[in-house]
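Here is a briefing on one protein chain, grouped by topic. Look at the sequence and the model first.

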Amino acid sequence: LGDDPAAPRFIEAVPRRGWRFLAEVREIAVSPTSAGLLGRDAELATVRAQLGRPGVVWVWGPPGVGKTRLVEAALDPDAVRVGLSDEDRTFDDAARRIQAVLGVPVGGASVADRVGAALAGRERGVLSVDGADELSDDAVRGMFGWAAGAPGLTVVLTSRRRPPTEVGQALALGPLAPEDAAALLQARVPPELGPLDPDSAGALLVHLDGLPLAIELAAARLRVVSATSLAVRLAEGARLFGPLEAALQQAWDALDAPERTVLAAATAPGRPFAAEEVEGLVPEVDDPLLVLRRLADASLLAGRPDALAVLHTVRASVRRRLDPAEIAALRARWATVVVDAVAPWVPRALQVDGAALAALYERRADLAQVASELDAVPVALWPRLATALALAVRYVGPWASAWAVLERVDREAPPD
């Protein structure tokens with residue numbers, strides 16, 4: 001505020017009491033844009049239109065993408081708002097939460113039936129249920145029943161999970177477009193710092209996945225750390241964003257053992273991957289393709305089957321939950337998958353076969369990534385990795401990574 005402590009105009013300290021306002025306090029209307037909905041005009045219009053029609057509306061997406069804020073901006077003041085915790089799983093759990101908000105009397109029929117009757121008695125209304133991530137299928141079907149029994153009722157649920165097939169109105173909320181993410185970051189930078197330079201902003205945004213919550217939490221930290229330093233800390237896996245981390249912890253806690261195993265394996269490639277590539281990393285899991293589908297349904301994977309991706313924030317969170325031995329084992333398995341995939345091309349590439357060299361060139365990023373983690377790669381793979389990487393960059397470079405691997409192979413690999 002730029003206030004002078006000796007002659008304050010806005011806030012003053014009161015000895016033994018705390019702080020008090022001196023200037024006039026006025027209430028102002030907050031527009032959706034100023035509330036953090038930059039880049040969400042189309043989605044906001046969609047949700048408002050859906051809320052105008054009776055039935056069920058399902059808004060879903062990854063943690064931190066802004067589901068709650070979007071729905072809240074679309075709701076009328078008289079909508080019934082209920083927030084669920086990760087312990088609310090059954091239909092009765094949800095019904096008790098809603099009963100308390102509606103003030104439905106206790107006694108008589110079951111709590112779910114009493115809530116349903118109270119909702120059916122409303123001529124028109126909206127019930128917003130936030131955080132339906134852990135609700136059982138029976139609980140979701142029960143809410144659908146409420147909507148069916150109340151012709152004037154719209155039930156809107158927010159969840160990380162993909163909606164059931166019977167939902168008539170659904171909105172998948174994805175990360176912000178790059179230009180909108182950049183605009184939100186600049187809008188949330190503390191005013192006294194001025195605008196970020198594009199290079200620093202871009203380096204930071206790489207690690208924020210276009211998630212509004214992550215962007216706003218990062219902007220708030222720019223008062224005490226530069227954008228460049230914050231980007232470096234995030235790249236190193238620093239745990240900085242409490243609210244987002246809490247949401248990711250809830251998502252992790254909801255996974256079963258095979259889902260955790262496959263999600264951890266999906267962090268190994270470091271790039272979008274085909275679903276089949278993960279199969280070789282999790283031989284102990286039955287039907288890993290089905291598990292990948294469940295992870296995508298839970299908003300923990302993005303993309304399409306031939307190019308699935310793990311968000312940076314999710315990847316960093318998962319890696320923090322693995323011990324060093326687990327990470328080393330994953331790296332070793334991924335190295336084996338990569339080297340085995342390029343093995344058929346190496347003999348032909350040594351004969352300067354153009355198609356083989358092109359195929360190796362397409363895998364140069366994978367080979368370089370594996371080479372950068374050489375200590376986790378089984379020594380038996382070193383010569384094959386070094387040869388494949390050298391061929392992959394033979395004509396276009398850069399040679400540094402291949403040369404470093406070749407030197408270590410020459411110096412440390414067993415003679416055989």
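**Start of helix α15**

A side-chain oxygen of D323 comes to within 3.1 Å of the backbone nitrogen of A325, at the start of α15. The model is predicted: local features need pLDDT of at least 70, side-chain atom pairs count only at pLDDT 80 or more, and totals for chains, interfaces and linings use all residues. Residues are numbered from 1 along each chain as its sequence is written, and side-chain values use heavy atoms, with hydrogens and water left out.

**Overall**

- The chain has 20 helices and 9 strands. These are DSSP runs, numbered from the N terminus: helices are H or I with at least four residues, strands are E with at least two.
- Along the principal axes, the C-alpha atoms fill a box of roughly 80 × 65 × 40 Å.
- Of the 416 residues, 45% count as buried. Buried means under 20% relative accessible area, exposed means over 50%, and partly exposed lies in between (1.4 Å probe, protein chains only).

**Helix α15**

- Helix α15 covers residues 324–342, 19 residues in all. At 1.5 Å a residue it should span 27 Å, and its end C-alpha atoms are 27 Å apart, so the two values agree. The expected span is 1.5 Å times one less than the number of residues.
- Buried residues in α15 include I327, L330, W334 and V338. A332, A335, V339 and V342 are buried as well.
- An α-helix has 3.6 residues a turn, so residues three or four places apart point the same way.

**Strands around β5**

- Strand β5 (residues 125–130) is mostly covered, with 5 of its 6 residues buried.
- Strand β4 (residues 80–83) pairs with β5 in the parallel sense over 4 bridges. Strands pair if DSSP finds at least two bridges between them. V80 has L127 in β5 as its bridge partner.
- β5 also pairs with strand β6 (residues 153–159), in the parallel sense over 5 bridges. Here V129 has L157 in β6 as its bridge partner.
- β5, helix α5 (residues 137–149) and β6 make a right-handed β-α-β unit. Right-handed means that, with the strands pointing away from the viewer, the path from the first strand over the helix to the second runs clockwise.

**Rings**

- The count comes to 1 aromatic pair. Rings of Phe, Tyr and Trp (its six-membered ring) pair if their centres lie within 6.5 Å; planes under 30 degrees apart count as stacked, over 60 as edge-to-face and the rest as tilted.
- F91 and W146 form this pair, which is tilted: 4.9 Å centre to centre, with 45 degrees between the planes. F91 sits in helix α3 (residues 91–102) and W146 in α5, 55 residues apart.
- W146 counts as buried because its relative accessibility is 6%.
- R364 lies over the face of Y361, 3.8 Å from the ring centre. The rule asks for NZ of Lys or CZ of Arg within 6 Å of the ring centre and within 35 degrees of the ring normal.

**Two loop aspartates**

- D88 is in the loop between β4 and α3. D88 counts as buried because its relative accessibility is 7%.
- A polar contact of 2.7 Å joins the side chains of D88 and R97. Such a contact is a pair of N or O atoms within 3.5 Å; within protein, one must be able to donate a hydrogen and the other to accept it, and residues adjacent in sequence count only if both atoms are side-chain atoms.
- D375 is in the loop between α18 (364–372) and α19 (382–392). D375 is exposed, with a relative accessible area of 66%.
- The side chains of D375 and R408 make a polar contact (3.0 Å).
- D375 and A328 are 47 residues apart in sequence and 8.6 Å apart in space, C-alpha to C-alpha.
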